[in-house]
Amino acid sequence: MITPLEKNFKGLISITGPTRSGKSQLAEFLIKKQQSVTYIATSKKRPNDPDWQQRIDLHRKRRPDRWKLIEHPKDICKAIESISGNESILIDSIGGLVEHHLGDDDAQWEIFQDRLLNCFTDDNLLIVVVSEEVGWGIVPATPIGHLFRERLSTLTSLLSCRSKKRMLAINGVAIELDQIGELIP
């Protein structure tokens, strides 16, 4: 049975899953007993996409009023560094961060990715990260779609390897990967 995280839990937790799998709800459930939570929403508003706005509104309605909110920060690592050690962080989702950096060349992306991995794996904080599973879907027909899938999949795998707890949400079911699997050497 999955239970909310203990109040003194520190470290990185990664939650992955496909679209509408329940991964955000799982992250919110796991972190709900923490004394102080900062929710970092990475996606920018899309004024011409009413379906996307509905999804953002649904997430907003589920969040407790006491949680602090940071929306699509320009520098997520600076935002995390500004948060005190007794604060818990929920980042939803990695896809939004990757989207913001699609214009980066490979060298710029590598620098960003390394910095991000380092700031997410601060053992003095509880950081719950939600990431989309995109590798199970169709093969992107465009170069930008391929770049997004490759960067997101790689970053998600790297985050998972550094996580203290790994979970998969699929069809509204949470699977604790650490209980049924092992890291690939």
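In which helix is Gly145 found? Gly145 is found in helix α6, which covers residues 143-161, where helices (H or I, at least four residues) and strands (E, at least two) are DSSP runs numbered from the N terminus. This is a predicted model, in which local features need pLDDT of at least 70 and side-chain atom pairs count only at pLDDT 80 or more, while totals for chains, interfaces and linings use all residues. Residues are numbered from 1 along each chain as its sequence is written, and side-chain values use heavy atoms, with hydrogens and water left out.

**Gly145 and the cysteines**

- Gly145 counts as buried at 19% relative accessibility, since buried means under 20% relative accessible area, exposed over 50%, and partly exposed in between (1.4 Å probe, protein chains only).
- The C-alpha atoms of Gly145 and Pro185, which are 40 residues apart along the chain, are separated by 29 Å.
- Cys119 is buried, with a relative accessible area of 9%, and Cys161 is partly exposed, with a value of 48%.
- With a disulfide taken as a pair of cysteine sulfur atoms within 2.5 Å, the count comes to zero disulfides; for Cys161, the nearest cysteine sulfur is that of Cys119, 17 Å away.

**The pockets**

- A pocket, on a 1 Å grid over the protein atoms alone, is an open set of points where a 1.4 Å probe fits, with protein on both sides within 12 Å along at least five of seven lines, and its lining residues have an atom within 4 Å of a point.
- The largest pocket holds about 920 Å³ of space, a volume being the space filled by probe spheres set on the points.
- Of the 37 residues that line the largest pocket, the closest to its centre are Lys23, Trp52, Arg55, Ser93 and Glu132, and the largest share of the lining, seven residues, comes from α2.
- The second largest pocket has a volume of about 280 Å³, and its lining includes Cys161, Arg166 and Asp178.
- Helix α6 gives the most to the lining of the second largest pocket, with three residues.
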